[in-house]
Amino acid sequence: MLSNAPTVGYCLSMTEANWPNLREDDFNIRNFRFGSGETLPELWQHFITLGTPQADATGRVANAVLLIHNTTGTAKTWLESSVADELFGPGQPLDAGKHFLIFPDIIGFGRSSKPSDGLRARFPHYRLHDVAVAQHRLVTAGLNIPHLKLVMGLSLGGMLTWMFGGMFPDFMDALVPVASQPGPMSGRNWIQRRINVEAIRHDPDWNNGDYEKQPTNWVRVAPLSAMFTQSVVRIQEIGSTREKADAFYQRLVENAKKGDANDRLYQIESTMDYDPSADLEKIRAKLLAINFADDAVNPPELGVLEAGVARIRGARSVVVPAGPQSQGHYTSMRAALWKSHLADFLADFLRRGVG
């Protein structure tokens, strides 16, 4: 059921205040059973919607789009100007005047249910499969939308987009995973995550998750993730001297301190068994995968993207070249650098063939 409580805690910026029909709400899934066998009496899915649902001749909502955020973000990430202004404005690929846009907070993030709500390390050990199931329930049961025009995600959201295609083949017309790979969590991608997991679990103040004060030793290695996700060129520009590099490192540490150790641990471990490769042939939706040449998290030289896309009928991929404005994995947050590929895809398929 959707909550009847008034929306609280979200302040619109001047830009956001101009978006049509921008709303927030919560969907409560009762007695949600996780893949681990654990259950939660109430699993809250917080979400934002933008735009207005439009029905086709059969009465079915025909313009709904599910947009899934990244590892460092929340639903509000989609409202940042570098994304929203490039994608949702008038005449843009996902014009909010024409599309009904749905931005959920992933389990463990934002205002969706998470360990820091009170259960701490007794929170169910969720995985991305659980996230996909919960988001599917949000759309179908919470919003009463049985079918989507598009599912698109950034980074972690891109991983979930691959999973949606295999888990719910008839649920959407199109898929656009951005900054992700259709292969198992492994190699350097997992090692940098494992380093953070071990740092949290071995922090002397973590106390098996039952801490009263946030443990802080683990945050000293947290900046390692940025070293794998940011362009080495941009890092060099920011840290062009040892003093500037030290200051950049300290900013990353301070940013890590703002988070909750249990939430971060669960977020990372939710990806540990990610591997959509077994279900790629099940994907029926049209698919465009967008990656970036200087993304060290999803390095093009591994060939995982092309090999996976080749197994999906009619799918295609693009690797955006590095340039003066690219930021490695973070280029996903600079939609101006890749939105033309999305626009061409939508024009060629959705607007002509489906929507």
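Student: Which residues do ring pairs link into a cluster?

Tutor: Ring pairs join Trp 19, Trp 78, Phe 88 and Phe 103 into a cluster. Before we go on: this is a predicted model, where local features need pLDDT of at least 70 and side-chain atom pairs count only at pLDDT 80 or more, while totals for chains, interfaces and linings use all residues. Residues are numbered from 1 along each chain as its sequence is written, and side-chain values use heavy atoms, with hydrogens and water left out.

Student: Why is the pair of Phe 168 and Phe 171 called edge-to-face?

Tutor: Their centres are 6.2 Å apart and their planes 65° apart, so the pair passes the distance limit and its angle is over 60.

Student: Is Thr 271 buried or exposed, and how do you know?

Tutor: Buried means under 20% relative accessible area, exposed over 50%, and partly exposed in between (1.4 Å probe, protein chains only). Thr 271 has 1% relative accessibility, so Thr 271 counts as buried. Phe 168 and Phe 171 are buried too.

Student: What does Thr 271 touch?

Tutor: Taking contact as heavy atoms within 4.5 Å, and not counting residues up to four places away in sequence, Thr 271 touches Leu 128, Leu 156, Met 159, Met 185, Trp 190 and Arg 193. Also, a polar atom of the Thr 271 side chain lies 2.7 Å from the backbone oxygen of Ile 268.

Student: What makes a set of residues a nonpolar core?

Tutor: The members are buried Ala, Val, Leu, Ile, Met, Phe, Trp, Tyr and Cys residues joined through side-chain atoms within 4.5 Å. The largest has 64 residues, and Ile 102, Ile 145, Leu 148, Trp 162 and Phe 164 have the most contacts inside it. Another core lies apart from it, with 36 residues, including Leu 22, Leu 67, Val 318 and Phe 349.

Terms used. Phe/Tyr/Trp six-rings, centres within 6.5 Å; stacked < 30°, edge-to-face > 60°. Polar contact = N/O pair within 3.5 Å; in protein donor to acceptor, adjacent residues only side chain to side chain.
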